[in-house]
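Keep the viewer open and follow along.

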Amino acid sequence: MRKAAAALAFLALAACSKPHPPEGKWEGGYASNGTLVAARVEITADGLVKISAPDITNMQTARPERLQAIREELAADLVAAWDTVTPRPFDFDGKTFRKPGEFAPQMKWDKSSNQMTLELYIGANPALPIPLRPVDVFHDNPWPAT
């Protein structure tokens with residue numbers, strides 16, 4: 001009887017424990033409605049999160065060659081600054097990452113596809129979802145090949 005009670009207590013504690021964030025790397029690029037973003041996320045084995053997402057807005061009237069140059073600049077900025085990004089803790093509920101003690105989602109993770117979506121807040125606008133794909137190593141260009 002004691003073993004059964006101990007097993008039940010263990011299961012109850014395990015069910016209440018906080019989920020551990022997924023370890024890995026994700027990257028992606030976003031270009032729509034005059035906004036361009038290059039993004040990286042890395043979650044370490046200890047659950048700390050590194051995020052960088054340089055962006056530029058108000059590019060609705062830019063010519064295609066200028067947009068391509070901006071993509072390259074954002075990608076270069078992302079690579080150059082990555083080593084200076086400080087890992088930080090986030091609250092994680094098994095799907096959504098939030099800054100500690102805060103409400104606004106910062107990232108969402110889909111366990112079945114291992115896709116991360118960065119929720120980017122630019123100015124007073126609603127969150128802009130930036131889909132990121134899992135990668136083994138980061139690339140110089142975060143945008144997927146087209």
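This is a predicted model: local features need pLDDT of at least 70, side-chain atom pairs count only at pLDDT 80 or more; totals for chains, interfaces and linings use all residues.

## Helix α2

With 18 residues, α2 stretches 26 Å from its first C-alpha to its last, close to the 26 Å expected at 1.5 Å a residue. Its buried residues are I70, L74, A75 and L78. These four cover an arc of only 135 degrees around the axis, so they sit on the same side of α2.

What do those buried residues pack against? The buried residues of α2 pack against β2 (35-43), β3 (49-52) and β4. Turn to the other side of the helix and you'll find E65 and A80, both exposed.

## Salt bridges

How many salt bridges does the model have? The count comes to 3, using a cut-off of 4 Å between a side-chain nitrogen of Lys or Arg and a carboxyl oxygen of Asp or Glu. Take R133 and E27, whose side chains meet at 3.5 Å, N to O. R133 belongs to strand β9 (residues 128-135) and E27 to strand β1 (residues 24-32), so this pair ties together parts that are 106 residues apart in sequence. As for accessibility, R133 is partly exposed at 27% relative accessible area, while E27 counts as buried at 0%.

Another salt bridge links R66 and E73, with the closest N and O atoms 3.4 Å apart. R66 counts as partly exposed, at 38% relative accessibility, and E73 is also partly exposed, at 42%. Then there is R98 with D93, a salt bridge at 3.6 Å, N to O. R98 has a relative accessible area of 21%, which makes it partly exposed, and D93 is partly exposed at 47%.

Strands β6 (residues 96-98) and β7 (residues 105-110) run antiparallel and are joined by 3 bridges, with R98 standing opposite P105 in β7. The hairpin they make has 6 residues between the strands, and G101 there takes a positive phi near 75 degrees.

β7 pairs again on the way to strand β8 (residues 115-120), in the antiparallel sense and over 4 bridges. Which residue in β8 is the bridge partner of D110? That would be Q115. The hairpin of β7 and β8 has 4 residues between the strands, and N114 in the turn has a positive phi of about 60 degrees.

Most residues other than glycine have a negative phi. N114 lies in the loop between β7 and β8 and counts as partly exposed, at 28% relative accessibility.

You'll find N58 in the loop between β4 (55-56) and α2 (64-81). Is N58 buried or exposed? N58 is exposed, with a relative accessible area of 61%.

## P100 in its loop

Back to the loop between β6 and β7, where P100 is found. P100 is partly exposed, with a relative accessible area of 46%. Leaving aside residues up to four places away in sequence, P100 touches P89, F90 and D91. For P89, the C-alpha atom is separated from that of P100 by 7.1 Å, and the two residues are 11 apart along the chain.

One more spot to check is E119, in strand β8. E119 is buried yet has no salt bridge. Where is the nearest side chain of opposite charge? It belongs to K108, 4.3 Å away, and the salt-bridge cut-off is 4 Å.

Not counting residues up to four places away in sequence, E119 touches P105, Q106, M107, K108, A127, L128 and P129. P105 is the residue that R98 stands opposite, and K108 is the one with the nearest opposite charge.

How values were computed
Residues are numbered from 1 along each chain as its sequence is written. Side-chain values use heavy atoms; hydrogens and water are left out. Two strands pair if DSSP finds at least two bridges between them. Helices (H or I, at least four residues) and strands (E, at least two) are DSSP runs, numbered from the N terminus. Buried means under 20% relative accessible area, exposed over 50%, partly exposed in between (1.4 Å probe, protein chains only). Contact means heavy atoms within 4.5 Å. Lys and Arg count as positive and Asp and Glu as negative; His and the chain ends are not counted. The expected span of a helix is 1.5 Å times one less than its number of residues. The arc is that of the directions from the helix axis to the C-beta atoms.
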